[in-house]
Each structure stands twice: as C-alpha cells, then as structure tokens.
Amino acid sequence: MATRIFSSFHYTRQIRRQGGFGNSAITGHAVVRASASSHSASSAARVAATRRVAAAVAAAACQAKPSLARVWREIQGANDWQDLVAPLHPLLRDEVVRYGEFVNACYKAFDLDPTSKRYLNCKYGKKSLMRELGMERSGYEVTKYIYATPDIVFPMHHTACCSRWMGYVAVSSEEETQRLGRRDVLITFRGTVTGSEWIANLMSSLTPARLDPHEPRPEVKVEVGFLSMYTSDDSTSRFGMDSCREQLLSELSRLITKHRGEELSITFSGHSMGSSLAILAGYDIAELGLNQGIPTTVYSFAGPRVGNADFKARCEELGLKVLRIVNVNDPVTKLPGVFLNENMRAWCAKHELPWSCSCYAHVGVELALDFFRMRDPACVHDLEAYIRLLRCPDVMQVQEEEDDFLLKPLDY
C-alpha cells in the first residue's frame, strides 16, 4: 500500500493556519492590553473577543490533535494506519519523527575511530547515552546495549568478524508512560556502516528463517545476510558474546516480566539494514509468542525487503505492524529482489514458473516520500534527511547548507 505524504499538506496547513491565527490573536491581545489605560471600554471588549477567539482556536487544535494517550493503539498501527497516512496525521508524524531520532542516536554514538578503546562500540555508557546526545528529556531509560556479528569473512582475512554495537533497548519513564498512555519498550537498530555489514546488506539469497524450533515453517524465507547478522554470535570474543537474537530475547523477557500487569507496547525502530533487523526481531518475538498479545510495531526507515511473500503473510497473520517510511528515489528500498519481487510473483505463479517462492516482498504499510538533494545524491538514503522532511512536510523547498531539498508529489 503506497501512500503519499504530499497529500497530507492540506491537513497540516490547516492545523498550522489555525495555530498561526491563534498566535495572531494572542499578539493582538497583548497590544490591546498595552493600550488599555487609554481606551478602557473598547479595549476590554476587544480583549474579551480576542480571548474567545483564542479559546476557540485552542479547542479546534485540541480536537484536530487528540491526546496520544487516548489513541496510541491506532497510532501504533492497530488498524493498519487507516486514514492516518493520507493525509498524514500530526500525531503519527510526531511519533515517526520521535522514533527516527532514537535511531539517529545510534549513528551519533557509534565509535568508528580505530584508535579508540571503544572502537565498534558505543562511545557512552547506558546511563549517560541520552544525556551525552542531548536527549535527556526523551523520557526513556536505556536498559541494554545490543551487539551483532556478521558471519562474513573478507577474502583478504581469515578470521570471522567481531561483534559490534548495533543499538539499544530502552523503557519509557513514569512521566513519559503517562503521556504515551502505556509503558513503551523500545528497541532501536542503526544501519549499515562497516564493510562486512555492507556485504550482509548486498546478499540476495533466501533461506528458511526457522526461528521457532517447534514449527520451523520452511516456506517462510528471509535474506541470508540479515539472518546471519541477527543469529550469529562472536565465538572469538573472550566474553563469549551471544547473538543479537539471544541478547534481545533475554532482555525483552526480563522487561515483560518486570512490567507485567501494566499496559505495554513493544516498538522496534531501525534504519536501512537496521530496519531489516527490526522486522526480523519483531517477527521472531511474535512467532515465539513472547509478546503475549502486547501490541508490537516496527517503524522502518529506508528499509530493504527482508523476506519472501510467505514471510510477509506470516508477519500479517501474527499481527506484527510495520510502517515503512521510504524515499521513492532511494535504491536501498528496492533491494533485494530488484526483479524477483512482489510485482513479479503473480506473473510467475500465473505461468507456473518455479521462481514464485523466491520472490521478495515488502512487509507493512508504506509512507512514501519523494525528495532529493541536487548536489548530494547520497542524501536519498540519509536518515537525517528523512527526519527533516517529516518535520516540515508542507515546505516545498528548504535551503540547507547551499543544497536544495525538494519535495514533490508522486505521479502514481
């Protein structure tokens, strides 16, 4: 389902016009008060009228943007974001931006300095991460760091790749839980950075996921590189680093037990390859029944395809909700399966070709963006460009460091 963020402009402008009108009224109110001593009678009437207008505007704004605590299930995809993406609802937009910022924190905190003691790890400790990144008011407490190991060997090396920091698990605070309407368990994954991760990203063969040992479901297949990142451990580490999967399942089990009896949600968020890990992890806990009916949502930014059509169908059957935020000009979102994808599957099945089970398929609801930077084509996959555009969806052209960001309507 492809939606068009351009179609949300009317709604957003309407809200902003109401807010702008309210600001004008408040400004007028201040002017009236300043001149009240010389025009007491008429000024008092104007003040009263202005207050009534301001109250009406505030009421309209509240009606247009209800409390998140009341509608959080819909925002998390309970109804597959029906009537929320076209036009883009302001509450959903705010949540997409918020979860995007949590993922962006992974990039900012990842240490790529080979001379550093924290090379391929997070620059900061769990307790100081949010503060060091200026996100101390995010309302979340980091409880665990997540590491992953690409089971890939470069031709020039003879040793397996070591584990590296991929993201973190965090839980909403008491105050943030009240604002959200539930206790939110958040898992974030950064995207591709190192060479071995790029290789995992570029693999295009499918393999059975087999994440549930009691019911392997061999027809449910995923991309082998992503599965390797998720399930491989670092046997070379003196600490015996568990796989990304084992770390995640253990921490989620602990947090679900700790907050049993509370209203809970589990939210995965990732960019690029990280979105693939987020979808795999979401599928995994749903397949195992670990979420026990807890609403589970994935916010995927610029994510590639993860598995075949059977994988997509199984995710939908399990109730996993995935919102894919993609730039239509981003080539990564078209991988893998440039040719063998959901569009080709029906044709292959019609002609009884054996490739139909090998066709990749995107999972979830798509929120499509269309933007590019004329002097820097690399921005089509940049997470910060995604976030900036979502923050200003009604701005047709934004000047940033002498480069042009253009937002255009889709033609289909």
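Author: A residue is called buried when its relative accessible area is under 20%, exposed when it is over 50%, and partly exposed in between, using a 1.4 Å probe and protein chains only. By that rule, buried residues make up 51% of the 412 residues in the protein chain. Bear in mind that this is a predicted model, in which local features need pLDDT of at least 70, side-chain atom pairs count only at pLDDT 80 or more, and totals for chains, interfaces and linings use all residues. Residues are numbered from 1 along each chain as its sequence is written, and side-chain values use heavy atoms, with hydrogens and water left out.

Reader: How many helices and strands are in the protein chain?

Author: Helices (H or I, at least four residues) and strands (E, at least two) are DSSP runs, numbered from the N terminus. The protein chain has 13 helices and 15 strands.

Reader: Which residues of helix α3 are buried?

Author: An α-helix has 3.6 residues a turn, so residues three or four places apart point the same way. In α3, which spans residues 68–75, the buried residues are Leu68, Trp72 and Ile75. Seen down the axis of α3, they fall within an arc of 80 degrees (taken from the directions from the helix axis to the C-beta atoms), so they line one face of the helix.

Reader: What covers the buried residues of α3?

Author: Contact means heavy atoms within 4.5 Å, and the cover includes α4 (90–109), α6 (174–180), β7 (264–271) and β8 (296–301). Of these, α4 is itself mostly covered, with 16 of its 20 residues buried.
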